[in-house]
Amino acid sequence: MSFASLGLSAPLLKAIEDLGYTQPYPIQSEAIPAILKGKDVTGIAKTGSGKTAGYVLPVLELLKNKKISRNRYIKALVLVPTRELAVQVGEVFQAFSRHLLRRVKSLAVFGGVSINPQMMQLSGVEVLVATPGRLLDLISSNAVHLSEVEVLVLDEADKMLNLGFQEEVNKVLALLPAKRQNILFSATKGEEVEAYLSDLLQDPFRIEIEEEAVVPDLIDQVAYQTPAERKGPLLRYLIQQENMEQVLVFTSSIRAADNVVGKLMKNGVAAAAFHGEKSQGGRTEALKQFKAGKIRVLVATDLASRGIDIKFLPFVINYELPRSPKDYVHRIGRTGRAEASGKAISLVTPEDEHHFRIIQKKMGKRVPMLPTDDINLQGY
Ligand code: AMP
């Protein structure tokens, strides 16, 4: 299957080529033709499945020949739960529209930053990517109008509901024209999401990508047996020993994330935390610096990590194991994506060993366990 066979036109195919995508991911092969046909689409898909391009490409294809009739009357609305996702999706729209003859103007808006620049930038925008609260603020200031929206995308709908945005989303929905195309993606398949779907979508085309498909074989997995008190020095040893220039470290709590960052910094390793107690601005800045190579180690909790999308992450370390095997797969799936190989390392204490066996069983893969007694951690 090629991108060309999905019904996308030359300027979009050129942008796809620029990004180095050679073949559509399964979700893209299914979603793109359905969206192009004007169908409502619902998909269960996680970050990493390629869902973003799965809707961005056909939405651009549909809009590329339709100019907006009135300024600030957007044609497509993408609702997302977090600022990080808003920024990422906005970047994907920009990247794919670069060769279009008529550049479809897109913008990402979100709270936690000043509203005025966003109000000004909204002039001429056709595709708006927004978090619900900020969108409502912009609407009440008359900076944007929804009455001519033709396509609505709800991305990470489950998270939107979990984070308590339902009321705000409902307010937004009430302002949209009844006749429109709906596209809804969710990482999980809860009852709440299902109920929401059936209210919102008309005879949708359903896509579900098997969880297994997301566990890439390219990931080299290894575990180190260690007592809890040697984890800190062992982490620093591994970072030095394997010359890790960019590594995402997971902890199970915000407290632990802050501790790990503090110790790394004390030992001269540039690190930052990425979790729900950090301000939006702080998180975006940390991610930016990490992507730019100014910070070597980003220490994240599971919840916050959902918004992290980095094209190639060479190393992931589980400083603490996640409770659920699903989260384990999700964490390590952040390396070895997009056809590049990566390494996932887990630090396993004697108390964790039973749980780690369960994780391996659920994942259907054995992970080699290496002892660390002989490693001299003096000075780390
Ligand atoms: P997403 O699930 O949309 O966050 O995408 C996950 C990652 O996969 C992103 O880094 C994309 O740039 C990358 N990606 C998406 N589609 C493809 C593709 N067809 N080929 C290679 N990489 C892709």
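This is a working chat about some local features of a predicted model.

Reader: Let's start with the rings. How many aromatic pairs does the structure hold?

Author: The predicted model holds five aromatic pairs. One of them is formed by Tyr 328 and Phe 356.

Reader: How is a pair of aromatic rings described?

Author: By the distance of the centres and the angle of the planes.

Reader: OK, and what kind of pair do Tyr 328 and Phe 356 make?

Author: Their ring centres are 6.0 Å apart and their planes stand at 70 degrees, so the pair is edge-to-face. The cut-off for that label is over 60 degrees.

Reader: Where do Tyr 328 and Phe 356 sit in the chain?

Author: Tyr 328 is in helix 14, residues 325-332, and Phe 356 is in helix 15, residues 353-363. They are 28 residues apart, and the pair links distant parts of the chain.

Reader: Are Tyr 328 and Phe 356 buried or exposed?

Author: Both Tyr 328 and Phe 356 are buried.

Reader: Which residues do ring pairs link into a cluster?

Author: Phe 3, Tyr 21 and Phe 96.

Reader: New topic, helices. How do helix 6 and helix 8 pack?

Author: Helix 6 covers residues 132-140 and helix 8 covers residues 166-174. They pack at an angle of about 40 degrees, with their axes 9 Å apart. Helix 6 and helix 8 are therefore oblique to each other.

Reader: Is that crossing left-handed or right-handed?

Author: The crossing of helix 6 and helix 8 is left-handed.

Reader: Which residues meet there?

Author: From helix 6, Pro 132, Gly 133, Leu 135 and Leu 136. They meet Glu 168, Val 169, Lys 171 and Val 172 in helix 8.

Reader: And how does helix 8 pack with helix 9?

Author: Helix 9 is residues 191-200, and helix 8 packs with it at an angle of about 10 degrees, the axes being 14 Å apart. That makes helix 8 roughly parallel to helix 9. Gln 166, Val 169, Asn 170 and Leu 173 of helix 8 make the contact with Glu 192, Tyr 196 and Leu 200 of helix 9.

Reader: I also clicked on Glu 167. Where is Glu 167 found?

Author: Glu 167 is in helix 8. It counts as exposed, at 59% relative accessibility.

Reader: Now backbone angles. What is phi of Arg 72?

Author: Phi of Arg 72 is near 75 degrees, a positive value in a residue other than glycine. Arg 72 lies in the loop between helix 3 and strand 2, and it is partly exposed, with a relative accessible area of 21%.

Reader: What about phi of Glu 156?

Author: It is near 55 degrees, again a positive value in a residue other than glycine. Glu 156 lies in the loop between strand 5 and helix 7. With a relative accessible area of 3%, Glu 156 is buried.

Reader: Last one. What does Ser 106 touch?

Author: Leaving out residues up to four places away in sequence, Ser 106 touches Gly 90, Phe 93, Gln 94 and Val 127. Ser 106 has its place in strand 3, residues 106-109. It is buried, at 8% relative accessible area.

How values were computed:
Residues are numbered from 1 along each chain as its sequence is written. This is a predicted model: local features need pLDDT of at least 70, side-chain atom pairs count only at pLDDT 80 or more; totals for chains, interfaces and linings use all residues. Side-chain values use heavy atoms; hydrogens and water are left out. Rings of Phe, Tyr and Trp (its six-membered ring) pair if their centres lie within 6.5 Å; planes under 30 degrees apart count as stacked, over 60 as edge-to-face and the rest as tilted. Helices (H or I, at least four residues) and strands (E, at least two) are DSSP runs, numbered from the N terminus. Buried means under 20% relative accessible area, exposed over 50%, partly exposed in between (1.4 Å probe, protein chains only). Axes are lines fitted to C-alpha atoms, for helices over the stretch in contact, and angles run from 0 to 180 degrees between N-to-C directions. Angles under 35 degrees count as roughly parallel, over 145 as roughly antiparallel, 65 to 115 as roughly perpendicular and the rest as oblique. A crossing is left-handed if the near helix is turned anticlockwise from the far one by less than a right angle, and right-handed if clockwise. Contact means heavy atoms within 4.5 Å.
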